[in-house]
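Have the fold open while you read.

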Amino acid sequence: MGGDCGNELLDAHNVRVIGNGSQVLVLGHGFGSDQSVWQFILPYFVNDYKVVLFDLMGAGSTKSHNFSFARYATLHAYADDLLMILDEMEIESCVFVGHSMSGMIACIASIERPQVFQKLVLLSASPRYINDEHYYGGFEQEELNQLFDAMQSNFRAWVTGFAPLAVGADLKSTAVKEFTRTFFSIRPDIALCISKTCFQSDLRSILPQVKVPCYVLQSSKDLAVPLVVSDYLFHSLGGPTKVEILQTEGHLPQLSCPELLIPVLKRAILD
């Protein structure tokens with residue numbers, strides 16, 4: 001596994017390998033960010049793990065001409081990308097930490113190839129964001145329609161308002177500045193497409209098919225993922241599942257409170 005592969009697929013996803021451990025740890029980011037979202041976490045894992053970082057197609061750090069609006073209309077395309085990356089790198093076994101949409105992407109991938117994933121750590125992940133009968137996802141469809149309209153009419157203004165709410169911190173904080181920076185780098189029409197794919201997905205039906213061990217991590221207060229979602233995941237995932245609630249606010253604890261997340265993440269990986 002080389003950190004600097006000339007392969008087209010790995011180049012397209014900006015794949016990097018850092019660290020010296022024998023165990024492979026793959027970090028997947030969520031919507032609005034890229035692999036830099038792990039920057040405050042990374043130094044604490046590179047001595048013990050071979051850490052693989054990559055960018056989801058459509059992130060601002062990827063080339064927009066590689067993004068297919070038709071293909072990425074479902075999260076299954078991202079799961080296919082993930083499996084292709086792991087295949088190309090000849091990774092036969094890994095622990096995958098998936099933030100937000102990457103958590104669900106990993107769930108899909110693990111159903112197809114369970115032997116590759118020793119464990120999934122699902123950070124701020126949700127199988128469905130829209131409320132349904134007997135299910136609380138946090139949003140009504142009408143609220144999401146308004147969100148999509150706001151993104152379309154003035155993307156930069158929307159990001160500026162959304163980022164502090166999502167991170168759970170004020171505009172001047174490093175975490176909000178970082179999240180805003182990566183969000184601004186995404187082409188607005190691509191961001192809108194990804195947001196629709198993500199926020200309108202419903203992966204509840206596949207959860208029982210996820211048989212690999214899962215460790216669910218969630219902030220006690222998260223604009224995007226209500227606390228009850230972690231309980232739903234606990235009762236719906238098909239394999240051994242543990243849940244830990246982080247006593248923090250926000251959807252991106254790896255940016256807003258890395259010092260709190262690091263020991264929990266280490267425990268989740270080893271447990």
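Let's begin with a pair of helices: α2 passes α3 in a right-handed crossing, a crossing being right-handed if the near helix is turned clockwise from the far one by less than a right angle, and left-handed if anticlockwise. Helices here are DSSP runs of H or I with at least four residues, strands are E runs with at least two, and both are numbered from the N terminus. This is a predicted model, in which local features need pLDDT of at least 70 and side-chain atom pairs count only at pLDDT 80 or more, while totals for chains, interfaces and linings use all residues. Residues are numbered from 1 along each chain as its sequence is written, and side-chain values use heavy atoms, with hydrogens and water left out.

The axes of α2 and α3 (residues 101–112) come within 8 Å and cross at roughly 70 degrees. The axes are lines fitted to C-alpha atoms over the stretch in contact, and angles run from 0 to 180 degrees between N-to-C directions. On the α2 side, L75, H76, Y78, A79, D80, L82 and L83 meet M101, M104, I105, A106, I108, A109 and E112 of α3; contact means heavy atoms within 4.5 Å.

The other helix pair is α5 (residues 155–167) and α6 (residues 174–184), whose axes come within 9 Å and cross at roughly 145 degrees. Here too α5 passes α6 in a right-handed crossing. Among the residues making this contact are F155, W158 and F162 of α5 and F179, F183 and F184 of α6.

Which residues have the most contacts inside the largest nonpolar core? They are F117 and L120, in a core of 102 residues. Such a core is a set of buried Ala, Val, Leu, Ile, Met, Phe, Trp, Tyr and Cys residues joined through side-chain atoms within 4.5 Å. Its largest share, eight residues, comes from α2 (residues 75–88). Leaving out residues up to four places away in sequence, F117 touches L82, L83, L86, C94, F96, A109, S110 and V212.

L83 and F184 are 101 residues apart along the chain, with their C-alpha atoms separated by 28 Å.

Buried means under 20% relative accessible area, exposed over 50%, and partly exposed in between (1.4 Å probe, protein chains only).

| Residue | Relative accessible area | Class |
|---|---|---|
| G19 | 23% | partly exposed |
| L83 | 3% | buried |
| S124 | 1% | buried |
| H134 | 77% | exposed |

S124 lies in the loop between β5 (117–123) and α4 (141–153), and H134 is in the loop between β5 and α4 as well. S124 has a positive phi of about 55 degrees although it is not a glycine, and phi of H134 is near 65 degrees, again positive in a residue other than glycine.

G19 belongs to the loop between β1 (16–18) and β2 (23–28). Beyond its neighbours within four places in sequence, G19 is in contact with V46, Y49 and K50.

Finally, an unreviewed UniProt entry places "domain: AB hydrolase-1" at residues 24–158. UniProt positions use the numbering given here, feature names are shortened, and annotations may be inferred rather than shown by experiment. That span is 32% helix and 17% strand, and its end C-alpha atoms lie 37 Å apart.
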